[in-house]
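Trainee: I would like to go through some labels for this structure and see what each one rests on.
Mentor: Go ahead. Ask about them one at a time.

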Amino acid sequence: MTVLEAREVVSGYGEVEILHGVSIKVEEGEVVTIIGPNGAGKSTLMKSIFGLLPLKGGRVVFREEDVTGRPPQAMVRKGMCYVPQSDNVFSSLTIQENLEMGAFIRRDNYRARMEEVYALFPDLAARPHERAGKLSGGQRQMLALARALMLEPRVLLLDEPSASLAPNMVEHVFAKILEINRSGVAILMVEQNARHALGLSHRGYVLAMGQNRLEGSGEGLLNNDEVGKLYLGG
Ligand SMILES: Nc1ncnc2c1ncn2[C@@H]1O[C@H](COP(=O)(O)OP(=O)(O)O)[C@@H](O)[C@H]1O
Ligand SMILES: [Mg+2]
């Protein structure tokens, strides 16, 4: 089943149109990566899908339901979670409090879920009362993923999860994303680290100037001449 689909999305900021009809799809079980130059509209697409920006055209379909124009909290209730590139944890709160905030929309007892999430992130489980602001960039990114998982999403939208991390942390974060995916969560991510991200993705898209430029399997895009020249450093 298709978990998430953006159809011909037109969106932007105020009068300024940034996306001129962008289409992407995420099937159940997939990791899908969007690459493209700075300013292509990748973050704008994530925000548009998640209901943070109004659409001027096109549709967003989540598990065969048209959810165009719904606010973020409605998307979250349906099973879509979004981790922005920065400011994705509450620095002044502890790890535990961040996870509780992540669960705020749940009406049930979230303790059992918290244990599951801690099991996936033993480094966080080891110090639940540490303030998020004291964590390294990599650990903060792990916490942002953990927080999103509190709501048991079916699809996770990740905007540059490896940005500004040390190389060994990049490895850890990607390994964790794959582990999350194998647990049954579809992933749609934007990445600058194109070679690495496409290498672990089922499929990928290249966006340029607010339009679809290329799409294919992760492998196919890695072997594409244009992708190689422009996004993989030759
Ligand atoms: N809040 C905003 N207000 C106005 N323009 C914005 C805003 N955020 C981004 N833009 C513009 O939208 C375009 C696409 O930005 P963005 O989606 O962040 O690109 P990418 O994530 O691909 O680097 C850029 O020209 C950028 O300057
Ligand atoms: Mg961006």
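Trainee: Which residue lies over the face of Phe-121?
Mentor: Lys-176 does, at 5.3 Å from the ring centre. The model is predicted.

Trainee: Why is the pair of Phe-50 and Tyr-82 called tilted?
Mentor: The angle between the planes is 35°. Stacked needs under 30 degrees and edge-to-face needs over 60, so 35° falls to tilted. The centres are 5.2 Å apart, and the cut-off for a pair is 6.5 Å, so the two rings count as an aromatic pair. The count by this rule is one aromatic pair.

Trainee: What does the pair of Phe-50 and Tyr-82 tie together?
Mentor: Phe-50 is in the loop between α1 and β4, and Tyr-82 is in strand β6, so the pair links parts that are 32 residues apart in sequence. Both Phe-50 and Tyr-82 are buried.

Trainee: How do you know that Val-117 is buried?
Mentor: Its relative accessible area is 2%. Buried means under 20%, so Val-117 qualifies. Val-117 is part of helix α4, and beyond its sequence neighbours up to four places away it touches Leu-99, Ala-146, Leu-149 and Met-150.

Trainee: Is Glu-64 buried or exposed, and what makes it so?
Mentor: Glu-64 is exposed: its relative accessibility is 65%, and the label needs over 50%. Glu-64 sits in the loop between β4 and β5.

Trainee: How do α3 and α6 cross?
Mentor: Their axes come within 7 Å and cross at roughly 35°. The crossing is right-handed. Residues of α3 in the contact include Ile-95 and Gly-102, and those of α6 include Leu-143 and Arg-147.

Trainee: What makes one residue of that contact charged and two polar?
Mentor: The contact divides into five nonpolar, two polar and one charged. Arg counts as charged, so Arg-147 is the charged one.

Notes:
Residues numbered from 1 in each chain as written. Chains lettered and ligands numbered in written order. Predicted model: local features only at pLDDT ≥ 70, side-chain atom pairs only at ≥ 80, totals over all residues. Heavy atoms only, no water. Phe/Tyr/Trp six-rings, centres within 6.5 Å; stacked < 30°, edge-to-face > 60°. Helix = DSSP H or I, 4+ residues; strand = E, 2+ residues; numbered from the N terminus. Buried < 20%, exposed > 50% of the residue type's maximum accessible area, 1.4 Å probe, protein only. Lys NZ or Arg CZ within 6 Å of the ring centre and 35° of its normal. Axes fitted to C-alpha atoms, helices over the stretch in contact; angles between N-to-C directions. Left-handed = near helix turned anticlockwise from the far one by under 90°. Contact = heavy atoms within 4.5 Å.
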